[in-house]
Amino acid sequence: MHRTAARFTNETRPSLAVGYSSLHDDRPTRPSDPLVTAPWIEYAAGDGAIVSTAEDLAAYVRMLLARGHGPIGPLLSDSSFALLIAHAARTSRESDDSSYYGYGIFSSRLDGHPTIGHRGGRLGYTSQIPAEPGERPGVVVLRNGPGDPGDTPKFARAIFDAARPGRPPPQLPAPDPPSPGRTPRPRP
């Protein structure tokens with residue numbers, strides 16, 4: 001991970017895509033809300049926020065899929081990897097939810113498959129990196145605007161599954177309806 005930084009600074013800002021946020025910051029975001037350039041702030045708190053690239057995050061996901069091993073050997077011991085994905089805290093109060101947070105990584109089930117990964121975000125940016133060790137490749141979703149990556153990881157997995165012999169291609173998701181005023185514009 002050679003193009004990743006542990007803080008958002010004015011020096012890292014030129015390497016980022018422009019982040020967008022909803023014009024209205026006093027109410028929940030709706031898909032029809034117009035977007036504006038998100039305010040910029042330097043950020044270096046210890047909560048794990050990083051500036052990264054899809055390529056570097058893909059390397060991180062490969063390490064997760066390999067249970068702590070990198071291309072030239074172990075990066076984490078087996079016991080350290082177990083701590084990373086430990087069920088340290090339940091992320092939902094619902095009794096049937098099997099989603100937990102360990103030491104930096106979420107563990108859950110997606111369509112019946114054990115999944116590990118992380119979601120992140122800050123003003124103008126969101127990301128998601130789910131991986132299913134031993135079953136499918138991981139997915140890196142980067143978004144420079146408000147909202148949830150939604151079903152993008154599930155669709156990426158469906159494409160991977162369809163590449164196997166005899167499997168039909170997945171149905172394309174319905175496009176979002178056009179929203180007037182959804183074109184990003186600079187903040188006044």
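**Figure 1. Overview of the protein chain.** The accessible surface of the protein chain amounts to about 12200 Å², and carbon and sulfur atoms account for 57% of that surface. The model shown here is predicted. Of the 188 residues in the protein chain, 28% are buried. Three helices and eleven strands make up the secondary structure. Along the sequence, these elements follow the pattern β-β-α-β-β-α-β-β-β-β-β-β-β-α. Taking contacts between residues at least 6 apart in sequence, 44% join residues at least 24 apart.

Figure 2. Helix 1 consists of twelve residues. From the first C-alpha to the last, helix 1 reaches 16 Å, which is close to the 16 Å expected at 1.5 Å a residue. The buried residues in helix 1 are D56, L57, V61, M63 and L64. These residues lie on the same side of helix 1, because they cover an arc of only 155° around the axis. E55 and R62, on the other side of helix 1, are exposed.

Figure 3. A66 has a relative accessible area of 34%, so it counts as partly exposed. From the C-alpha of A66 to the C-alpha of G134 the distance is 8.1 Å, although the two residues are 68 apart in sequence. R67, which follows helix 1, has a positive phi, near 55°.

Figure 4. In general, the strands of a sheet pair through backbone hydrogen bonds. Strand 10 (residues 125–128) pairs with strand 11 in the antiparallel sense, over three bridges. One of the residues to look for in strand 11 is V141, the bridge partner of Q128.

**Figure 5. Close-up of the hairpin formed by strand 9 and strand 10.** Two residues lie between the strands of this hairpin. G124, in the turn, has a positive phi of about 95°. Strand 9 and strand 10 pair in the antiparallel sense, over four bridges. G121 has T126, in strand 10, as its bridge partner.

Figure 6. T126 is a residue of strand 10. T126 counts as buried because its relative accessible area is 18%, and buried means under 20%. Leaving aside neighbours within four places in sequence, T126 has contacts that include G120 and G121. V141, L142 and R143 are also in contact with T126. Further contacts of T126 include G145, G147 and P149. G121, one of these residues, is also the bridge partner of T126.

Methods
Residues numbered from 1 in each chain as written. Predicted model: local features only at pLDDT ≥ 70, side-chain atom pairs only at ≥ 80, totals over all residues. Heavy atoms only, no water. Buried < 20%, exposed > 50% of the residue type's maximum accessible area, 1.4 Å probe, protein only. Expected span 1.5 Å × (residues − 1). Arc of directions from axis to C-beta. Pairing = 2+ DSSP bridges. Contact = heavy atoms within 4.5 Å. Areas by Shrake-Rupley, 256 points an atom, 1.4 Å probe, with all protein chains shown as cover.
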